[in-house]
Amino acid sequence: FDKLVANIVLMKDSFNKADVDYNSRARNAIADAIDEDGWSILVDYVPSIGDLMPIVAKKKAVNAEIELRPWQLTFFLSKLMSALLSLDRFVMLCLDDVQWCDPAMLAMLNEIIIHSGHHKGRCICVVTCRSNEVSEFHPLTLHFNRLKECKHTNVTEIKLSSLTKDNVIEMVMTEMRLPKRMVGEFAEIVHRKTLGHALFIVELLNSLVRNGTISYSLRKRRYDFDWDRLISTETWESVGSLIVSNLSLLSKNDLQNLRIICCFGIQCNISIVSLIKDCPGVQSIEMPSSICRLINDGILERDGPKLVFSHDLIHQEVYETMPSELRQYLQVNLGKFLGSIAGLDGTSSEEISIEASIEQLNLSDSNEKDQLNQGSTSLVAVDLINSAGPDCISIQSQSSRFARWNLFAATESKKKSNFQAVLHYCEHGFCFLGKKLWADDLTQISRELHEIAAFASYAVGNTADTTQFAEGIIENVSLEQSLFAQLMILRALESEEEHQHIIARGLALLRSLNLNVPSNPTPQIIMEILTETGNSAYKYSEEDIITMQKSTSVNSIQRNVMHLLGAVSMACYQTASPYYPLVMCELVNYSLENGVCEESAQAFALLGYYQMFLQGNYISGKYWADVAEKIIENSTKLNFQANLCLKSFCYLWHKPWGQLTDELFSLYEISMKAGYIDGAMYAICQYWRMSFARGEKLSVISRHYDSFMESIVKHCYSILKFVILDFSLINELTGNSDDPYSYFDEDIHNEEELVLDGKERNNSHLLHFIARKRFFSSFLFGDFSKAAIYSKEASSFPTSRVPKIQLIHHYFYHGLMAFRLCRDGKGASYLKEGQEMLEFMTIWHEHSPRTFENKLYLLEAEYLAASCNRNASLQRFDLAIKSSRDNGFIQEQGLAHELKGHYLSSIIEIPQAKESYEKAYHCYIQWGANAKAERIRKDHNLEISKGDVEQNSLKHNRDW
């Protein structure tokens, strides 16, 4: 990918105008696909991005959450490819020997290829592997099969066969400029000895030239053969064996230099090799000329700035035949020498916080070549020492020295999001410390190695190891020093959906830190603390809080405490725990006492959120929501959680839903460009719910679901069950027969099995969501008795009290249902329930008339109908219809017509009722709820012509 971008960079100075133009368009396309923060992350992996986008060198990468890291590189490389493929040139990628790629790398390549497949015919990817090293259980086989099944990619499998005798004859004829009659017998011997293996043939011919079997005859003026030597030439088992045999012909100096180069691995940077001449104790003789000879002999190859062994068997042979004492001696001396050049003994580590981890993960000024070379040299030095192993230590002080080197290497790998390498270096760090791990004078380095290992384990999804490394810290250091480890354990529990465990452990930690979270959160205590927190916060103006944010420096311990509070509050939210407002209040108080920072935004947003719904103070609630928004505006981070809280919850009662819908989609786009993929999936799901609520055409929402489901499955599987339920409701309304349950990779095929899954996992949040979805479905299809049962079930869960967009519709539909059941003689208690919902809508209407006016009118219409006030009721129905139309709620316009029809039918005004049903039918058709419209047509014997349906389905917001 770096070479691909580097070629585009070179086009800028091309004499070809088309190349210059392509360079400009490529830069624009990449800028549209990835924002500056994304470039700053990508430049660590594709350095040429810094030359294509010079601003990258000056811009620091910003991100808000640590969970995004495992998929971030895949996402950015896919976006980079899509940007280039959207132009008018083709891209060809060549990937060799992929059988050696680790599973994570194969998964990344697979995703990039599939993503590129959306640009049909614009990208070809040539992948080569050794079939004898790939079994049916090899990760490459699994990913290859997935590519073959993908509808976006065309896969052609080519199995290279051996060359025939005629092919070999033609090859020898071409190279030696001899006729067939003179090379036929020679070519037959070569074919027999190599079995037609192309590379084997080339290497054998080169070998025959070197040993004089093939030579140029001045007398005959052509190439000639030594037939006796040819026939006696050993038949090698493989091309590798043949190549390795050439090592016996090397001079003593070349073999010594080759052994030195071998210590660096199968490839190494030429600039590092050039430093060897100054290495004490390592004798390299005429290294430059030696390298040239080794390249000419086919033992080494030059690939740009790198020296590469031409075959892995050559490296293996040189490495394994070298005396172990010599090998360890070279590795230790080379490692120490390069480590001193890189300044490894002068590196220092800092306290790690979640914030520091994010910055270490993302920030790197890789355009400064000196710094980049120093980092590369450091890793090479550490790898050499690790290859030598702990046995190379002559004095005990060296153990901590080399453990620190591995800590540095792990930190550098963490910047590149190479978490497997992080774990590799941490393991070596532990080995060097050995029994001295957690010794008094080594506590800090032991803790730092465990912290970075816990972080890397979490990033690769190994929560068991995350917990193990974190527990090691907790057992050996003080509480304040273990906060990062405590937080990693909570993150691991979050991955396992152990929300109650998070709350219990988190609250115990908070109390150990002397944070006042009452153990008995009664309603009275909650209200008192909310009032106290609000009063304390009101001592500071909005300007004071923003000034505090700009001027206060928050240290790593304080920031970890805030993250700890945030993690506990999120678990409380998932379970609708009564501790939720208490933890949120503590976060507000902690921020005001220790310094306002980006993490404080969510606390102030939630303060406003709860003041609205626990205290009914919507004015104060909006004030604190606005403060949170100001904190976000003055932050350098995405601050996704606070943004989502404001747009999905707090402002539902204060801003028009059309505006919030647009802002949610914008949040999705920003999150995607920043690489926060799972956060973007949360945002798009809220966007769909908001689009549904404001009356967007269901066909549009349904197409969005289809296009995003694969991404949700890959990046945010935890919300899949809730998305499936949303999708199912839309399918019921539209009559779409697609099966959303097919996206599950577990044994869940329908809603009933999803209920069983929720009960087995004790997932009250999911069970509540299912009951609420069933309530909405029953209500919208007119089964009010069943709707009452499901509404009662949904309201029985603690999570039903959490205010969100579904709560608004629950109250709205429940009020309409209650008035209808009262009118049908099902009990006077329903009248009271309806009046309670009407009171809520009256309050909400005061703060956002555009959103709640039509809902208020419709509830009033049903209340008046239940009170037998015909004229006033019909007047309110008409006002609800007009308000729905004027504010774009086409589905609620249809609902108002339908309920008006029900009322008119109940008072035997059949012609007027039929007219209302027809208008409801057309509104539902416009909305895209074809199954709902068809139910109305059948239930009320409407005579609707096909022409009327086609004509009216193209209209929107018409006053039916």
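Start with helix H41, where Tyr830, Gly834, Met837, Leu838, Met841 and Trp844 are buried (buried is under 20% relative accessible area and exposed over 50%, with a 1.4 Å probe and protein chains only). These residues cover an arc of only 125 degrees around the axis, so they sit on the same side of H41; the arc is taken from the directions of the C-beta atoms as seen from the helix axis. An α-helix has 3.6 residues a turn, so residues three or four places apart point the same way. On the other side of H41, you will find Lys832, Glu839 and Glu846 exposed.

This is a predicted model, with local features needing pLDDT of at least 70 and side-chain atom pairs pLDDT 80 or more, while totals for chains, interfaces and linings use all residues. Residues are numbered from 1 along each chain as its sequence is written, and side-chain values use heavy atoms, leaving out hydrogens and water.

What lies over the buried residues of H41? The cover includes helices H30 (600–613), H31 (618–633), H39 (784–795), H40 (805–823) and H42 (849–866), with contact meaning heavy atoms within 4.5 Å. Helices here are DSSP runs (H or I, at least four residues), numbered from the N terminus.

Now turn to the largest cavity. Its lining has 18 residues, and Phe692, Asp726, Leu729, Phe776 and Gln806 lie nearest its centre; lining residues have an atom within 4 Å of a point on a 1 Å grid where a 1.4 Å probe fits but cannot get out. H40 comes back here: along with H34 (677–693), H35 (698–715), H36 (720–734) and H38 (764–780), H40 supplies at least two residues of that lining.

Note on methods:
On a 1 Å grid over the protein atoms alone, a cavity is a set of points where a 1.4 Å probe fits but cannot get out, and a pocket is an open set with protein on both sides within 12 Å along at least five of seven lines; lining residues have an atom within 4 Å of a point.
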